[in-house]
Amino acid sequence: GGRASGATRSALSSNVSALVAVLVSQLRVLSRSYPSSDALSGAVDAMLGRCADALSGPGDGGGSLKSLVLLFGALTCGGDFSKKDKLRTMVVVCNKILSTELSFPSGIKKDSKQACRSIFQYAKWGSLSLILPMIRESDPSGELLSLVEDTYQSIVKDAKTSVDATPVVAL
């Protein structure tokens, strides 16, 4: 009984997670190839904003998975949050990521669900791992630490409960 550990995930889950990792890596190569491209950085920033706004709760039929993966892709490409109240925006996005739940349309097969869960965890923890350093950089003196302290605690608590579901490459 009990939950399956990451070591017993299906081959489909592992392959799909690896494919997402390769795609995100290719996006990173593209963005680093053209670091001075205003068009590319503007598009990435816009995608980051749209995806952060689109994160939603249960019952969205997979929309959160798409938004979360695209959010991770935008962050990987160096996406930046708008300058207006940037720290607060990043904290809100972290909390939205933590509260986002994965839901499935009816009739989806077990292997597909498992693959979606794997992608969800990869994008969730990948996104958080990129946003947290951005939060630290935006408040180097630590003056606003109280703003983010609860979020940090929530991330640690969530990490403890979902470590078995997180793909190794996302750790």
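User: How are H5 and H6 oriented to each other, roughly parallel or roughly antiparallel?

Analyst: H5 and H6 are roughly antiparallel, a term for angles over 145 degrees, and they pack at an angle of about 150° with their axes 12 Å apart. The axes are lines fitted to C-alpha atoms, for helices over the stretch in contact, and the angles run from 0 to 180 degrees between N-to-C directions. Helices here are DSSP runs of H or I with at least four residues, numbered from the N terminus. Please keep in mind that this is a predicted model, in which local features need pLDDT of at least 70 and side-chain atom pairs count only at pLDDT 80 or more, while totals for chains, interfaces and linings use all residues. Residues are numbered from 1 along each chain as its sequence is written, and side-chain values use heavy atoms, with hydrogens and water left out.

User: Which H6 residues make the contact with H5?

Analyst: On the H6 side they are Val 148, Tyr 152, Ile 155, Asp 158, Ala 159 and Ser 162, where contact means heavy atoms within 4.5 Å.

User: And where does H4 come in, say against H5?

Analyst: The axes of H4 and H5, which spans residues 110–138, come within 10 Å and cross at roughly 160°, so H4 is roughly antiparallel to H5. Their contact includes Val 91, Cys 94 and Leu 98 of H4 together with Leu 128, Ile 131 and Ile 135 of H5.

User: What classes of residue make up that contact of H4 with H5?

Analyst: It has 12 nonpolar, 2 polar and 1 charged residues, with Ala, Val, Leu, Ile, Met, Phe, Trp, Tyr, Cys and Pro counted as nonpolar, Asp, Glu, Lys and Arg as charged, and the others, Gly among them, as polar.

User: At what angle do H4 and H6 pack?

Analyst: H4 (residues 86–99) and H6 (residues 145–162) pack at about 25°, with their axes 10 Å apart, which makes H4 roughly parallel to H6, the term for angles under 35 degrees.

User: Switching topic, how many residues are in the largest nonpolar core?

Analyst: That core has 35 residues, and Leu 71, Phe 81, Ile 97, Ile 131 and Ile 135 have the most contacts inside it. A nonpolar core is a set of buried Ala, Val, Leu, Ile, Met, Phe, Trp, Tyr and Cys residues joined through side-chain atoms within 4.5 Å, and buried means under 20% relative accessible area with a 1.4 Å probe, protein chains only.

User: Which element gives the largest share?

Analyst: H5 does, with 10 residues.

User: What does Ile 135 touch?

Analyst: Leaving aside residues up to four places away in sequence, Ile 135 touches Leu 87, Met 90, Val 91, Cys 94, Val 148 and Tyr 152.

Key
Helices (H or I, at least four residues) and strands (E, at least two) are DSSP runs, numbered from the N terminus. Angles under 35 degrees count as roughly parallel, over 145 as roughly antiparallel, 65 to 115 as roughly perpendicular and the rest as oblique. Buried means under 20% relative accessible area, exposed over 50%, partly exposed in between (1.4 Å probe, protein chains only).
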